[in-house]
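The points may be read in order, with the structure at hand.

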Amino acid sequence: MNYTTYQKNDVEAIIELFQTTFANSEGEEAGKVLGVFARAMMETTPEQDLQVFIAKDEEKIVGGVMFSTLTLEGDKTAKLLSPMAVSTEVQGKGIGQGMINHALDILKSQGVDIAVTYGDPNFYSKVGFAQISEDVIKAPLPLSFPEGWLGQSLNGEALEAISGESGCVPALNNPELW
């Protein structure tokens, strides 16, 4: 498996990956929503605020994960993992974990302090995320599933409470995603 960053000519394949994966696992409507969301992330997010990592099996993209800027008050830098998908044909083989670990290593090397996500604690705990409360880092929008608010330190320091509001990129600024 080759873990790398995406190239401009990968955009349509990545959007298709998200749409197909979520349609296969959660239904056609979920697939459409995630396809639109992935497209919005890639087409409307400023380049400096988005990093997209992919997993390739030979030339086929079988996984994708996006990290966008999470704006915090203070001097800590943070990235928000969303969305993430691995093709249903290859799920359960550690590809998602490998892809996320690859991405986190790059973010660490770039000096990013914190990574957060909003998802399944059982899955994301395998790559170092732990449940956090909004007393530690406030979510940009109200959470419908507070147990899914997860974070980890990338700089070797303990994750400490950061006061104030947080902000996300426009494509994530949608209450239906939270």
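1. Ile-114 stands opposite Ser-153 in E7. Strand E7 (residues 149-153) and E5 run antiparallel and are joined by 5 bridges. Helices (H or I, at least four residues) and strands (E, at least two) are DSSP runs, numbered from the N terminus. Two strands pair if DSSP finds at least two bridges between them.

2. The model is predicted: local features need pLDDT of at least 70 and side-chain atom pairs count only at pLDDT 80 or more, while totals for chains, interfaces and linings use all residues. Residues are numbered from 1 along each chain as its sequence is written, and side-chain values use heavy atoms, with hydrogens and water left out.

3. E5 also pairs with E4, in the parallel sense, over 4 bridges. Within this pairing, Leu-80 has Val-116 of E5 as its bridge partner. Together, E4, H3 and E5 make a right-handed β-α-β unit; right-handed means that, with the strands pointing away from the viewer, the path from the first strand over the helix to the second runs clockwise.

4. Strand E5 (residues 114-118) is mostly covered, since 5 of its 5 residues are buried (buried means under 20% relative accessible area, exposed over 50%, partly exposed in between, with a 1.4 Å probe and protein chains only). In a regular strand the side chains alternate between the two faces of the sheet. Here Ile-114, Val-116 and Tyr-118 point one way, whereas Ala-115 and Thr-117 point the other way.

5. How many salt bridges does a search of the whole structure find? The search finds 7, a salt bridge being a side-chain nitrogen of Lys or Arg within 4 Å of a carboxyl oxygen of Asp or Glu. Side chains of opposite charge can pair when their charged atoms come close.

6. Glu-47 is exposed at 63%, and Lys-8 is exposed at 60%.

7. Arg-39 and Glu-43 form a salt bridge with their closest N and O atoms 3.0 Å apart. Both residues lie in helix H2, 4 residues apart, about one turn of the helix. Arg-39 is partly exposed at 29% relative accessibility, whereas Glu-43 is exposed at 52%.
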